[in-house]
Amino acid sequence: MNLTRRRLLAWMGSASALAVAAGALPASLALGAETPLYRDASAPVNDRVADLLSRMTLEEKVAQMVALWATKAEIMDGLDFNPEKAAQAYPHGIGQITRPSDRRGGPNVANAAGGTAARWREPKDTVKFINAVQVWATTETRLGIPVLFHEESLHGYMAPNATMFPQAIALAGSFDTGLMERVSSVIAREVRAHGVPYVLSPVVDIVRDPRWGRIEETFGEDPYLVTEMGVAAVEGLQGKGKFEKLADDKVYATLKHMTGHGQPQSGNNVAPAQLAERELRENFFPPFKAIVERTSVGAVMPSYNEIDGVPSHANSWLLKDVLRGEWGFDRVIASDYMAVQELDSLHHVATDLEDAARKALAATVDCELPDGLGYRTLVAQVKAGKVSEAAIDAAAGRMLALKFRAGLFENPFGDFAKADAVTGNAEARALALEAARKSLCLLTNDGTLPLDDSKLKTVAVIGPNAAIARLGGYSSEPRQTVTLLDAIRERLKGKAKVTFAQGVRITMSDDRSDDPVILPKPEDNRRRIREAVKVAKGADVIILAIGDTEQTSREGYAKTHLGDRTKLDLVGEQNELFDALHVLGKPVVVTAINGRPPSWPNVVEKAHAILECWYPGQEGGTAMAEALFGDINPGAKLPVTVIRHEGQIPYFHNLKPTARRPYLFDDTSPLFPFGHGLSYTNFEIGAPILSVPRIAADVSVTVSVTVKNTGERTGDEVVQLYLRDRVASVTQPRQKLCGFKRVTLQPGEERQVTFTLDPDAFAIWNREMQHVVEPGLFDIMAGPNSVDLKSAELEIV
């Protein structure tokens, strides 16, 4: 539809004065003018793209492939949008703006990539900025092309007041795809109400190295689990299945990071991923491939690392041949921040910035984030004959198609009243609490948990993570947070005395954006430990909250901003704190609040119970207190294998047959296996029952598994289904996860859960690199984790 000036002013509200000052509308928007095809919302998207491209200059096309972040300074007075500056700096329009909620480009704002510091605009100012830009773009540029805005939303919209859900690895541990979809739907509506139709999430890298600081951002180590959680996340953000137009309360998702990112050399972010093609196809490709085939995912982001000597942003085989060719992906490939220029500055596969831009474009990368410094050279390169305009048309066309599909040509504006109403509201907070409850994993328990408050006079809450709400990376400041200490005090009000001591300080700062990570002086922490022991001596039970800060596990995006580690045990004097409390002879219950898996052998050996909480989100304190006192029953599982120490890296459950032969002087078993998680009740899982014992290679089989709650409490169990190909033309893993279902059962309740295994579940990449189902015998196995399994035999003929 055509947007009249009156409609614009009505939509703009507080920005109406800016719209009035904008002058005459373009002819394509004026009343009575003939509507060009690209403005016809009922026309097919491809036709609209072709029509618009035919009207565009080369400069206008390249503008669609470029973004602004630090360069937002060129279009602002302070933090306010200035249309005159925009017209002067970007006469051909603006394709995309990076993170409108942050103050990047504004005065007195330090540089921070991916940080969590409080450096955001107020939400009302974010909407005002977005709407002001869109009024200028749709009324003052020649063709009235709206601007695409994107934001971060790893486990919540990374902006003030937004709901912060449990971190991604915690959500993966829920093994609940329905929960994941609902969480993502709330994230989408909060983002979209602000006027942003596009987000840079989810992360669907499989992760196999806990030294890597970004492990918390992932859904774990298993391709099937990552696939299913990834599909749920994308469908929650965008909508289910395949579709042409994005709904008004949805946002386009971006799959990150293709690929190999989660198993970098030495665990260093951006380091080479030393992976062969078979390994990629068997483990790293499946989440990306399945999501591309099953959803209408809007974008894919290449990874920073190299594979076989070729950085992903210049890897035509990876992006053009596999992603676009084999899988048929025809939507946006968006660069990671600064990754195009790093083809020159870091990888040295390009001679300069211009060459880097050519190589990325040749690999079909459509837009360069966050500032498009390389792609800004493309106009000159086309005119010099170094780049074809056809390549520009293809990339710009895909960017325009995303805008058409998102409905930006019909309504590109945010609505602050709506945003304020839906962001961090009661419904969202309730879902954040539900997600936190379902993400808690009981690792060990000698019977101490759940605590009986009627038998307690004094409870000592100790630890550096007790009085702070740890949210993890890519977080902002929600409307509210609940700490463990606050929740326990509220839970025991009028029942028992609650005492507190910090015990140790992990890092001197809790700001993820700070470049240096400074540890406290050991003598200062030992003084704190002595104080904690005094506090704990008079308690009946000690609840110890230890783990990570947002600095000890984070994205290491520069040599001056590190996040990867060589050691996995507790940082600083936390083990000393635990030992000092343990020798008191009182029950010590550990709440692990952390971004990395808890490879803490000393604590695991001695603690009376350990509750893995990960970063449980803004309502995490309430959920943790409920679990400790038995108001809820933990039911999550581990989405990763937890190793004993760094010498076991890499360790994952789907090992090949020759892996893990014994070492001298050490144990080859993990500290906790993939899929592990205890309960306050007991479950019995039966052997799988097959619908038929023998199938053809192109036929599916149904598997039924009975699960019974044999204990005295209501609880959740995750029934996990695995398979093993006994003999194949190429080596196969000892087991492969192929199904899971989380069920809630009352005491004595029994239920049968069913799984359907289609031919793809049994397919392998044979010696000729063909994806085929080979005949033979298969073990179909079911159980509560990846170790304790019962099996049935299936033959494929």
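Biologist: What makes the pairing of the His150 and Tyr337 side chains a polar contact?

Modeller: This is a predicted model. In it, the two side chains come to 2.9 Å. The cut-off for a pair of N or O atoms is 3.5 Å, so the pair counts as a polar contact.

Biologist: Why is His150 called buried?

Modeller: Its relative accessibility is 0%. Buried means under 20%, so His150 qualifies.

Biologist: Where is His150 found, and which residues is His150 in contact with?

Modeller: His150 belongs to strand β5, residues 148-151. Beyond four places in sequence, its contacts include Gln96, Arg99, Val196, Tyr198 and Leu369. Tyr337 is also among them.

Biologist: What makes Ile75 stand out in the largest nonpolar core?

Modeller: That core has 117 residues. Ile75 and Tyr375 have the most contacts inside it. Helix α9, residues 223-238, gives the largest share of this core, eight residues. Leaving out residues up to four places away in sequence, Ile75 touches Leu68, Phe81, Ala86, Ile97 and Phe129, among others.

Biologist: Which residues does the second, separate core include?

Modeller: Val533, Ala536, Ala580 and Ala636 are among its 39 residues.

Biologist: How do you know how confident the predictor is in the protein chain?

Modeller: Look at the pLDDT, which runs from 0 to 100. The chain's mean is 94, and 94% of its residues reach 70 or more. Over residues 1-32, though, the pLDDT is below 50. That stretch still has 59 contacts in the model beyond near neighbours in sequence. Residues 112-118 are also below 50, with 24 such contacts. Where pLDDT is low, predicted coordinates should not be read in detail.

Definitions and conventions
Residues numbered from 1 in each chain as written. Predicted model: local features only at pLDDT ≥ 70, side-chain atom pairs only at ≥ 80, totals over all residues. Heavy atoms only, no water. Helix = DSSP H or I, 4+ residues; strand = E, 2+ residues; numbered from the N terminus. Buried < 20%, exposed > 50% of the residue type's maximum accessible area, 1.4 Å probe, protein only. Polar contact = N/O pair within 3.5 Å; in protein donor to acceptor, adjacent residues only side chain to side chain. Contact = heavy atoms within 4.5 Å. Core = buried A, V, L, I, M, F, W, Y, C linked by side-chain atoms within 4.5 Å.
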